[in-house]
Amino acid sequence: MKQTAIALAIASLSTLTATAGTVTSDGADIVIKTNGGFEAKTTDGLYSFKVGGRIQADYNDYDGVINAVPGESGSDAFFRRARLEVKGHAKDWGYLMSYNLTSGGSIDQLHTTYTGWGKLANLTVGQQKENFGLDDTGSSNWTTAIERALPANAFDAGNNLGIKLHGANDLLSYSVGAFKTGIDSDNDLDSALTGRFVVRPYLDGGNVVHLGIGATRRDGVAADYNSRLGARGGEDGTGAGRVRARIANTLGDREDYNLEAAANLGPFHVMAEYFDGEIDVDGVGATIEADGYYLQAGWVLTGESRGYKTDIAAFDGVKPASAGGAWELFARFDALDVANPAPISVAGEKADSITLGVNWYLNSLVKVSLNYVDVGTDRAIGGEDEGDALLARLQVAF
Amino acid sequence: MKQTAIALAIASLSTLTATAGTVTSDGADIVIKTNGGFEAKTTDGLYSFKVGGRIQADYNDYDGVINAVPGESGSDAFFRRARLEVKGHAKDWGYLMSYNLTSGGSIDQLHTTYTGWGKLANLTVGQQKENFGLDDTGSSNWTTAIERALPANAFDAGNNLGIKLHGANDLLSYSVGAFKTGIDSDNDLDSALTGRFVVRPYLDGGNVVHLGIGATRRDGVAADYNSRLGARGGEDGTGAGRVRARIANTLGDREDYNLEAAANLGPFHVMAEYFDGEIDVDGVGATIEADGYYLQAGWVLTGESRGYKTDIAAFDGVKPASAGGAWELFARFDALDVANPAPISVAGEKADSITLGVNWYLNSLVKVSLNYVDVGTDRAIGGEDEGDALLARLQVAF
Amino acid sequence: MKQTAIALAIASLSTLTATAGTVTSDGADIVIKTNGGFEAKTTDGLYSFKVGGRIQADYNDYDGVINAVPGESGSDAFFRRARLEVKGHAKDWGYLMSYNLTSGGSIDQLHTTYTGWGKLANLTVGQQKENFGLDDTGSSNWTTAIERALPANAFDAGNNLGIKLHGANDLLSYSVGAFKTGIDSDNDLDSALTGRFVVRPYLDGGNVVHLGIGATRRDGVAADYNSRLGARGGEDGTGAGRVRARIANTLGDREDYNLEAAANLGPFHVMAEYFDGEIDVDGVGATIEADGYYLQAGWVLTGESRGYKTDIAAFDGVKPASAGGAWELFARFDALDVANPAPISVAGEKADSITLGVNWYLNSLVKVSLNYVDVGTDRAIGGEDEGDALLARLQVAF
């Protein structure tokens, strides 16, 4: 009886082999995975490879001060982001290629990371996030609102080529790096120094209390603080108006600071940031100042928690627990002040916005978002000082 | 005896494990496939991932009215298309990223499809084909001729960002969608509505009779009907002349209609389309009219049938049955009439072409095509009203 | 006892199946591999697929005649190359897609190769290397110096669209091809004919003696010989000065010749090339002449040998034998002479450079290089006739 069972088991194995080919590796054992993208890694953890991507298809409808054409309302459908991502690692070296497919193609991130010194000291070389601010450091896939906050947009350090030392444990995360900001008229490199430090007095599963500070000093950058008013307004962003303080065609040395605070408790989260900065404009004797803050609160109605990644000290997505997906409501208040005396040209002076929104995390691949944004400025831009916008996004991230 | 056989089977399994690593999945069973590209899918059908691409390396030699330089003959070697394609699905959501590598890079198609309502109602959101016309809806890999017909070129709706509901069963296929055509001077979205309906009175394996109608209404588009004359003439298409009716630097609202008929019976196929359209030019009081048709017949000498896909209601490739590949002969007659009164500027007025060609489908990866095109126009363009062209293509599609 | 062992074996197989899914193929047996990239091939050798890429993150610091801004020193951090590569084959047809992610995206190589006639006669169609010169034919991943030699830069035939017959055995390698150089004012194709022949009087494992000759005749090309002076000077290369002879805005027919000699004996290698060429400038009655050579010697301190590929007759990388990686020292002397009489405009006349460098091959993925370059020109460019540069590279190639 037992022998027959064994024979049947062997027979069924043979049948399987007859109708389908085997798949083996030429070295270490490999585990592969597809849930839309593709991943292969050796079971000894020494090697891995992954192909992924993201598609963010947006619709924006906006009027008043948000539309760059005074007295009119605007609308657009466009890809906010579309990226192909390839990453992997071999022993102590990892790499990431993230390529923007939009606007004719450009490098989003392209870097290699040395991980041989342990989790408290990773070294990343290449084009990467500078890690300045909580909203800006988190992935664009998992920001709660469709667009980042007004001050996060104005003070965004962007993705730049450089070298960054960064590490984390459960209690703290840090990053400090030097980055290229441009090339001066002698073909010489201008650079930025950027650091961030985050402490987590409380971390337990999905629950976290997060406090952080950041600073960046940037040489040879445009003498310009500006932010969109809650709506992108098209793939190239030219559809939407901006609050702005600048002296056109000048460069300067810029110093920005920020404070971050956030807490995630079960399905609820709150987060807030304050930013303050100034630009010493080269050879003009003027200083451009700007500051701003935002407050955000969210509630996952279906009970899931937002993810949180200690390595970058930022929030991640919501993983739906049931077949109906996860639903999240949130509200955010943004403020940005770019008021400055002449000879600095200023648009809007001070902007406030309220953003209300809902996110539907359908499954591991798809997220649908709907946001309403109401904006006001202290001084009219093109004859208007108020506007509102409806933003919708369909996101596929694999 | 039986025990020994089992022991040997186990032993050989162990030997295999010793010389080559195992490959397992971290969840559902996975089947992988490579025949040049790469594909992984779970056996439960819930997830898949595929990397593919296409390379179309063309040589064009052409003279007379086809060459954009009057009185000279022209030639060029170029990539007609080169694309990297990544696609996959997770449960009820699929996605496709198809990126043009030519001309500095651009998005060909980029979309996500919801398939949860069944085959009769798929919803695709993103940059996609509008599905207007049989020749234009089929894949560029599997058009019978190297270049699509004159009227198919003139009336092509292109790939645009939008939303499309589409479905099919054995008897019928349909698609209806709304697409972005541009942004007006107020930053407001201009759009197109496009629909297509196909019925198959006969469908039996590779045999099919196909009848279809289509319509598209397009706001805010260029006041321009034009078509190349059977040859692309270089990667950017500027080498080749065009028949054209337009009022330069104006926009209009355009309405186009088409009729499709095709039959595939064993190795033989015939197909024909008729197109008719007009553009109401904004603020000029003029209407530009155009119409055209083509007739095509083909014969796969080696006996295979052209494939046909009901989901897009269009022809697919020929799969060679023997090691020598499949050979196909075809002929096509095209006519396009863009004659219009002043103030519309017209080149060529009416164009006719005959295309004769042979396709060699070598294997699952490679196709070689050779086409001869003879063109005439009613009115001379640059002093010439006749021309012919020799087109050759080497295609790799994985 | 034996039965129990078998039962346990079966049981453990079942356990494996319970905790991890199976991976099978839908046809031939497949072997997969990841060591940072990803590869799948059928065990019968009929099909394969591979995703790879390269990242070269450079830092350049240079002064004097090398900096394009006279009297200043320059520096830059930039991606020298960043590419995503997909390749595969189906039976007798292979393909390669290599896409430059830098500077907005462009095709590096894109071609298909027919291998059905055996190793002595492969036919490659598409955008590819012309194979002219030893330094230029080798992969940019595995050049010994960070930048190729001055004459190799001046006489580089580049990657072009065309058709090339090439083959190799242990004794010899050859390639001969026709390539597109441009399109003339009649839309007609201008082309180049390029051939190379290499003989290996000695080949034994890692040891090789290599002798080669090459020639290229190029119609309709810029009337211009030029070379950077040992440093790229930024992603677009505009930061660095050049030695140059040309008649601006003219085209000509160009003929270049080269001689190659190299030997690799255990950890030591020497290589040298001589180049000579001239351009008959169209309609001017002038001929631009240029010639140059370089001598290079290297020593892998840790004892490994440089790889050598007979199919392209060029050197490959060094595979580190131990966990500490492989270390290589090298020196190179370059000379390039572009002195020419009026009406030819000449910068620098003659340039010499010495390059000293060290390469650290950390593992299969990562290489770190540091080069020092000292350059002099016979005639001053922008008031300077000397300069030196420090170049550093972090390379990830998967």
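**View 1. Confidence along chain A of this predicted model.** Chain A has an average pLDDT of 94, and 95% of its residues score at least 70; pLDDT is the predictor's confidence in each residue, from 0 to 100. Residues 1-18 of chain A stay under 50, and the model has 16 contacts beyond four places in sequence for them (contact means heavy atoms within 4.5 Å). Where pLDDT is low, the predicted coordinates should not be read in detail. For the complex, the predictor gives an ipTM of 0.93 and a pTM of 0.94.

A note on reading these views: this is a predicted model in which local features need pLDDT of at least 70 and side-chain atom pairs count only at pLDDT 80 or more, while totals for chains, interfaces and linings use all residues. Residues are numbered from 1 along each chain as its sequence is written, chains are lettered from A and ligands numbered from 1 in the order in which they are written, and side-chain values use heavy atoms, leaving out hydrogens and water.

**View 2. How the chains superpose.** Chain B is superposed on chain C by a rotation of 120° with 0.0 Å of shift along its axis, at an RMSD of 0.0 Å. The two copies are thus related as by a three-fold rotation axis. Chain A is laid on chain C by a turn of 120° and a shift of 0.0 Å along the axis, also with an RMSD of 0.0 Å.

**View 3. The largest nonpolar core.** This core has 96 residues, and A:I32, B:I32, B:L101 and C:I32 have the most contacts inside it. A nonpolar core is a set of buried Ala, Val, Leu, Ile, Met, Phe, Trp, Tyr and Cys residues joined through side-chain atoms within 4.5 Å; buried means under 20% relative accessible area, exposed over 50%, partly exposed in between (1.4 Å probe, protein chains only). Not counting residues up to four places away in sequence, C:I32 touches several residues, including A:I32, B:V23, B:I32 and C:F38.

**View 4. Around B:A178.** Look for B:A178 in strand β10 (residues 172-183) of chain B; strands are DSSP runs (E, at least two residues), numbered from the N terminus. B:A178 is partly exposed, with a relative accessible area of 30%. Beyond its neighbours within four places in sequence, B:A178 is in contact with B:G162, B:I163, B:A192 and B:L193. B:L150 lies 28 residues from B:A178 in sequence and 25 Å away in space, C-alpha to C-alpha.

Technical notes: Least-squares fit on C-alpha atoms with pLDDT ≥ 70 in both. Helix = DSSP H or I, 4+ residues; strand = E, 2+ residues; numbered from the N terminus.
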